[in-house]
Structure formats: structure tokens, C-alpha cells
Amino acid sequence: MAVAISIKLAALAALVVSVFATHGARAQPSYYNASAARRELYYSSTTGGSWLPARATWYGRPNGAGPDNNGGGCGYSGTNTYPFNSMTSCGNQPLFRDGKGCGACYQIKCVSKNNAACSGEPKTVIITDVNYDTKVAPYHFDLSGTAFGAMAKPGLNGKLRDAGILDIQFRRVPCDYKGLNVKFHVMGGCNPFYFAVIVYYAGSDGAVVQVDLKEANSPAWMPLYESWGAVWRIDPGHPLKAPLSLRVRSDSGKTLVAYDVIPINWRGNADYRTIAQFH
């Protein structure tokens with residue numbers, strides 16, 4: 001009985017501190033369901049985890065965001081603009097995680113013993129693309145030219161890029177999207193029988209591991225499935241009844257619920273915003 005009361009009190013406390021927003025969006029407290037080893041790499045603590053070894057390469061233009069289309073294998077657009085600011089990276093499979101690593105933020109640094117141009121100062125990058133090369137290193141950051149050069153001492157960005165490949169250190173850190181809350185981008189080509197969405201700016205953890213959808217006047221949540229990259233989709237087998245609510249879970253277990261965020265007159269290739277953010 002005492003255990004049951006404690007659980008109910010904990011649940012009530014969590015409800016009280018939930019952050020409410022437009023369309024009923026709210027961010028709930030974190031819980032942990034990963035082993036300590038996985039949490040070391042995947043969980044966004046407030047200070048970041050321990051530094052781990054990796055290797056870095058770069059691609060695209062020297063001062064670019066990686067792909068020429070300012071996007072990448074996660075499906076994000078505008079990676080050359082705020083908040084990505086071209087500080088982006090491909091992740092190999094342990095980082096990309098079949099798309100569940102999209103949006104995760106990492107600090108990276110190289111030190112002078114690896115290259116005289118290295119500044120040793122940590123720089124933050126966001127996983128926006130994928131590299132399936134398995135030969136470079138167990139953890140391989142294929143950085144944008146901008147991000148690779150950012151690890152250099154002042155004025156030595158080009159010299160550092162000349163190295164082509166570097167031994168670096170990295171650690172998972174919280175994403176800090178100052179001034180931005182969670183945004184849902186409904187993909188082009190969607191219709192009442194097919195719905196696909198990308199979650200932008202999932203602060204703190206950054207990475208989204210599950211999205212669910214609830215139709216108007218329905219008590220049931222339906223799971224969306226990974227389509228590719230950070231794109232989540234559903235083929236419901238019947239016309240979806242809007243407005244639609246979306247529930248998003250990050251990789252540390254935080255949940256954000258956006259009630260009726262997709263309006264009755266929704267369309268494809270459009271953005272729908274909340275005023276909530278993961279913390």
C-alpha cells in the first residue's frame with residue numbers, strides 16, 4: 001500500500017511540474033531505461049558525459065553545411081541556418097542509430113598532439129546525416145567543412161582541413177535551441193490516408209525515438225514508424241480525422257504531448273509549432 005501511495009504521489013508531482021503550451025503541449029520529466037554504458041553515450045546530462053575517442057573526416061564545401069542541398073540523411077532542411085549554423089555531422093551507425101540519433105548534439109575537440117592546428121576547444125555539432133563507412137573508427141564523425149575547421153586555432157581552419165582525418169574526442173551534450181520550441185514539419189505529399197512528420201528542435205536530448213498520433217475524439221494513440229532518417233510515418237488504412245495530436249519521446253524517456261497541434265485544415269509541406277520544449 002505504501003509503495004502504491006508513493007507511486008501516485010510521484011505521478012501527481014510530475015503532472016504539476018509539466019510544462020503546458022499551445023495545443024496542450026507539455027514536456028514531462030525524464031526517466032531512465034538504458035544501461036549505464038548506453039547512458040554514457042546517449043543521455044544528455046546538463047554537463048555532458050565523459051570524453052570518448054573517435055575519428056573525424058569532413059565532406060562538402062570547406063565552409064559549407066555538408067550536403068549541397070543544406071540537408072542530409074536525417075531529412076532536416078536549412079542546416080546552413082540557425083540553429084544548425086552549418087555545425088553539422090554525419091554519424092556512423094553507433095551515432096546515427098538508424099535515424100534515432102538524428103538531432104543529437106555532441107561536443108568534439110582535437111588536441112595539438114594530433115595536429116598542431118588543433119585548438120583543443122570543444123565545439124558543438126548536431127547529427128543531421130549518415131555515413132555507413134565502417135573502416136574509419138568505431139565512432140566516426142563525418143563533419144561539415146565548417147565544423148571540421150571550427151576545431152582549429154584562429155586562422156588555421158584551412159590547414160586543419162588539409163589533414164583530412166583526425167583523432168578527436170567527443171561527448172554527448174544537451175541541445176540548446178535558444179529561442180526555439182518544438183516544431184513539426186509535415187512532409188510534402190501527405191494526405192488523410194498517409195501522414196509523415198519530422199520533429200525539429202527537440203531540445204535537451206535532441207534525438208527522437210518514438211512519435212505517436214491521436215485522432216480527434218479518439219482515446220487511442222497510434223504509433224508512427226520510421227520511414228527514413230528522422231521522418232516518422234503512418235498509413236492508418238482510413239482517412240485521419242483532424243485535428244491531430246502528437247506525442248514525442250526522446251532517447252532518455254522524456255515525453256512531450258502536443259494536443260490538436262495539426263489543425264483540421266492541415267496540409268503537406270507545412271510547419272506546425274508549439275510553445276513547449278524538452279528540458
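Trainee: Which residues line the largest cavity?
Mentor: Tyr76, Gly99, Cys102, Ile198, Val199, Gly206, Ala207, Val208, Glu226, Gly229, Ala230 and Trp232 do. A cavity is a set of points on a 1 Å grid over the protein atoms alone where a 1.4 Å probe fits but cannot get out, and lining residues have an atom within 4 Å of a point. The model is predicted, so local features need pLDDT of at least 70 and side-chain atom pairs 80 or more, while totals for chains, interfaces and linings use all residues. Residues count from 1 along each chain as its sequence is written, and side-chain values use heavy atoms, without hydrogens and water.

Trainee: How much space lies in the largest cavity?
Mentor: About 70 Å³, taken as the space filled by probe spheres set on the points, which are joined across faces, edges and corners.

Trainee: Which domains does its lining draw on?
Mentor: Domain 1 (32-170) and domain 2 (181-271) each give the lining of the largest cavity at least three residues. The bounds come from an automatic or database domain assignment.

Trainee: And what lines the second largest cavity?
Mentor: Its lining includes Tyr76, Phe84, Ile126, Tyr177 and Tyr200. About 60 Å³ of space lies in that cavity, and its lining too draws at least three residues from each of domain 1 and domain 2.

Trainee: New topic. What order do the strands of the five-stranded sheet have?
Mentor: S13-S14-S10-S9-S17, in an open sheet with antiparallel pairing. Strands are DSSP runs of E, at least two residues, numbered from the N terminus, and a pair needs at least two bridges.

Trainee: How many bridges join S9 to S10?
Mentor: Four, between residues 183-186 and 195-200. Lys183 stands opposite Tyr200 in S10.

Terms used:
On a 1 Å grid over the protein atoms alone, a cavity is a set of points where a 1.4 Å probe fits but cannot get out, and a pocket is an open set with protein on both sides within 12 Å along at least five of seven lines; lining residues have an atom within 4 Å of a point.
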